[in-house]
Amino acid sequence: MKKVLGLVVILSMMTVMFAGCGENDAVADTGSNVATETSDTESSDAAQEDTTEANDTESSDAGSDSLVVGFSQVGAESDWRTANTESMKGTFTEANGYELIFSDAQQKQENQIKAVRNFIQQEVDYIVIAPVTETGWDTVLNEAYEAGIPVIIVDRMIDVSDDNLFECWVGSNFKQEGYDAVSWLAGYLEENGRTDEEINIVTLQGTIGSSAQIGRTEGVEEKMADYPNWTMLERQSGEFTQSKGQEVMESFLKSYDDIDVVIAENDNMAFGAIDAIKAAGRTCGPDGEITIISFDAVQAAFASMIDGDMNVSVECNPLHGPRVDEIIQKLEAGSSVDKLQYVEEGVFPAETAAEIMPTRAY
Ligand code: GYE
């Protein structure tokens, strides 16, 4: 039996605050910079297009003095995403003084660009984007800037040429999550007297080009360099979905018969991988042959750990609704907001799952 690691919730990040001094050097801490002026630059024709693309856009009918928020969501690819959508919808309610225009991009950035243009046309008060990928935002965010509509980025980060194109960002330090995964594995192998063993790893990556994928992949890669006896056999994207995670894991199992560890860049892909492992007649989890490391720590991951299938999940907190609300209220009051706001996160190993699961909010 493996030694219990104990009820150690490793706080991987300093609380909800932010940077300038942080390691994320993509954006300087320039404080609030609400784009309230409309410049005389011609706005893009593109703003005239796609207004019919309200597709699954939903809006509530709030009073005229309510704040109108257009939210472009990534999609509905995972439990994390569902919890995030619920948090946003539960916050931006009529009762809280908002009208929410919600748009599901179905994991496609082009849909998000259309949604943002739609929000600009509707003259919303705030645009909130959970971006699918980091790059490709300059043009449409310039359009929002020209229109004087402040943009708040949530969850994944963006990479733009001018940081004034968005007010601020709130989300997770994905690279730190990658570091935490490696630290957990090193501790686990040590606890089990396997420090000198050759360890073969495969990774199910998230959506390529999303900051959740980039940060987790890079964090693991960087820290793995400290363990020369660990080998990354292969990395492949499972697009953050359970079905694709299962498919990719099936192919990994066919290619390699000596996999020791699976790193799934989210819980849903881990669930798919676990199904593939079982279907192949193999075993996983604390008492199995293959160690499963995951990210998000959604409730179903705790259930999987309790069932003995998953070893650990590195937390990624999706409850951003109240955080974005707080940012908007500050901006409304004319206060400055921190440019980068990181949330506090922990690491949850299987040993603590039964105890912790009842306390989980998502
Ligand atoms: O880990 C995954 C989701 O961007 C943090 O996206 C988010 C990631 C999350 O699909 O489950």
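**Strands, helices and a ligand site in a predicted model**

Phe-240 lies in the loop between strand 8 (230-237) and helix 6. The model is predicted.

Trainee: Is Phe-240 buried or exposed?

Mentor: Buried means under 20% relative accessible area. Phe-240 falls under that cut-off, so the residue is buried, with a relative accessible area of 3%.

Trainee: What is the phi of Phe-240?

Mentor: Phe-240 is not a glycine.

Trainee: Which residues of helix 6 are buried?

Mentor: Helix 6 covers residues 242-255 and has 14 residues. From first C-alpha to last it reaches 20 Å, close to the 20 Å expected at 1.5 Å a residue. Its buried residues are Gly-245, Val-248, Met-249, Phe-252 and Leu-253.

Trainee: Why do the buried residues of helix 6 line one face?

Mentor: An α-helix has 3.6 residues a turn, so residues three or four places apart point the same way. Seen down the axis of helix 6, the buried residues line one face because they fall within an arc of 145 degrees.

Trainee: Which exposed residues does helix 6 carry on the face turned away from its buried side?

Mentor: Exposed means over 50% relative accessible area. On the face of helix 6 turned away from the buried side, the exposed residues are Ser-243 and Lys-254.

Trainee: Which residue with a positive phi follows helix 9?

Mentor: The phi in question is near 80 degrees. The residue that follows helix 9 is Gly-334.

Trainee: How many residues of strand 2 are buried?

Mentor: Both faces of strand 2 are covered. In a regular strand the side chains alternate between the two faces of the sheet. Leu-67, Val-69, Phe-71 and Gln-73 are buried on one side, and Val-68, Gly-70 and Ser-72 on the other. For strand 2 (residues 67-73), the count is seven of its seven residues.

Trainee: Which strands pair with strand 2 in the parallel sense?

Mentor: Strand 2 is joined by seven bridges to strand 3 (residues 98-104), and the two run parallel. Leu-67 stands opposite Tyr-98 in strand 3. Gly-70 stands opposite Ile-127 in strand 4.

Trainee: Which strand runs antiparallel to strand 11?

Mentor: Strand 10 (residues 291-296) pairs with strand 11 in the parallel sense over four bridges. The chain crosses from strand 10 through helix 8 (residues 299-306) to strand 11, a right-handed β-α-β crossover. Three bridges join strand 11 to its antiparallel partner, strand 13.

Trainee: What is the bridge partner of Val-312 in strand 13?

Mentor: Val-312 is buried, on one side of strand 11 with Val-314. Its bridge partner in strand 13 is Pro-349.

Trainee: How far from an oxygen atom of the ligand does a polar side-chain atom of Glu-77 lie?

Mentor: The ligand is surrounded by 13 residues, and Glu-77 is listed among the closest. For Arg-156, an N or O atom in the side chain is 2.7 Å from an oxygen atom of the ligand. For Arg-216, the distance from a polar side-chain atom is 2.8 Å. For Glu-77, it is 2.4 Å.

Trainee: Is Glu-123 buried or exposed?

Mentor: Glu-123 is in the loop between helix 2 (109-121) and strand 4. Its phi is positive, near 55 degrees. With 66% relative accessibility, Glu-123 counts as exposed.

Trainee: Which residue has its backbone nitrogen 3.4 Å from a polar side-chain atom of Asn-266?

Mentor: Asn-266 is in the loop between strand 9 (261-264) and helix 7 (267-279). At 2% relative accessibility, Asn-266 counts as buried. The backbone nitrogen belongs to Asn-268.

Terms used
Residues are numbered from 1 along each chain as its sequence is written. This is a predicted model: local features need pLDDT of at least 70, side-chain atom pairs count only at pLDDT 80 or more; totals for chains, interfaces and linings use all residues. Side-chain values use heavy atoms; hydrogens and water are left out. Buried means under 20% relative accessible area, exposed over 50%, partly exposed in between (1.4 Å probe, protein chains only). Two strands pair if DSSP finds at least two bridges between them. A residue is near a molecule or strand if one of its heavy atoms lies within 4 Å of it. A polar contact is a pair of N or O atoms within 3.5 Å; within protein, one must be able to donate a hydrogen and the other to accept it, and residues adjacent in sequence count only if both atoms are side-chain atoms. A crossover is right-handed if, with the strands pointing away from the viewer, the path from the first strand over the helix to the second runs clockwise. The expected span of a helix is 1.5 Å times one less than its number of residues. The arc is that of the directions from the helix axis to the C-beta atoms.
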